[in-house]
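Q: Hi! Could you walk me through this one?
A: Happy to; have a look first.

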Amino acid sequence: MEKRKKIICPKCGSEMNHHADKVVHSTTAEEAKRVNLAFGGLLEELHACPACGAVASRPAD
Amino acid sequence: MINTRPLSIPVILGTTRKGRLSVHAARFMVDQISRREGVMTELIDISDLPIPLDDAGEGIKDAAFSEKMVRADALVLVTPEYNHSFPGLMKHVLDSCLKEYIHKAAGIVGVSAGPFGGIRAIQDFLPVIRELGLVNIFWDVNFGNIAQVFDGSGRLLDQAFVARADKFINELVWMARTLRYGRDNIALDS
């Protein structure tokens, strides 16, 4: 699978590190529409900034 | 890359109940952590936070609390035991964030009026902490018979808690440093 582009830290501009994937259990009707049935929730990537400690997330592929 | 920012380890006081004695335990932990070089701490009292009850989860996220959780490398969660569990309002507050917690360390300080030091609240808390993406350490601090541990002004009466807190903080700092290195340097797909 092709690697996705690194997230750029919105606070300091450094490349962030993708250190986790997590299932997030939906709490709203809007989120429920995006549930990944294989995992039973929304699959999110978690990223951390090595320079400033900021965190970010985005839906996983 | 090894990050040289000071570690941030806030102490969350998880009760709003009037007359709470947990505040003495929380202030004691802040004092003990603040003596560590390279570690910043502060008391986050949930009774100072806006806690709406007409929504839940990330729908009630408070920007200031969220920012503190982003900065945090570890959390100290001070919980009294209410009916064999931790306070519902504490969970309501913690549920307002998620990505802020992932791969960060947590340690629990249990408080009770009776002899067991909040052990049932702590056991109940562990699966919640796991689902929030926090990594719980194997040390707890158990303040049983809290009214005999501190006097009315919050002065510590039982010095054994200094050594207990020291062991707890040692482990929490180790875990916080290790997890920060992992967050910063070890990619999931590496």
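**Two loops and a chain**

A: In chain B, the loop between β8 (141-143) and α5 (146-149) holds Asn145(B). Helices (H or I, at least four residues) and strands (E, at least two) are DSSP runs, numbered from the N terminus. This is a predicted model, where local features need pLDDT of at least 70, side-chain atom pairs count only at pLDDT 80 or more, and totals for chains, interfaces and linings use all residues. Residues are numbered from 1 along each chain as its sequence is written, chains are lettered from A and ligands numbered from 1 in the order in which they are written, and side-chain values use heavy atoms, leaving out hydrogens and water.

Q: What is the phi of Asn145(B)?
A: Asn145(B) has a positive phi of about 45°, although it is not a glycine.

Q: Where is His84(B)?
A: His84(B) sits in the loop of chain B between β5 (74-80) and α3 (88-94). His84(B) is not a glycine, yet its phi is positive, about 70°. Its relative accessible area is 47%, so His84(B) is partly exposed.

Q: Switching over, which elements does chain A have?
A: Chain A has 1 helix and 3 strands, and from the N terminus on they run β-α-β-β.

Q: How many residues are in chain A?
A: Chain A has 61 residues, and 41% of them are buried. The C-alpha trace of chain A spans about 35 × 25 × 15 Å along its principal axes.

Key
Buried < 20%, exposed > 50% of the residue type's maximum accessible area, 1.4 Å probe, protein only.
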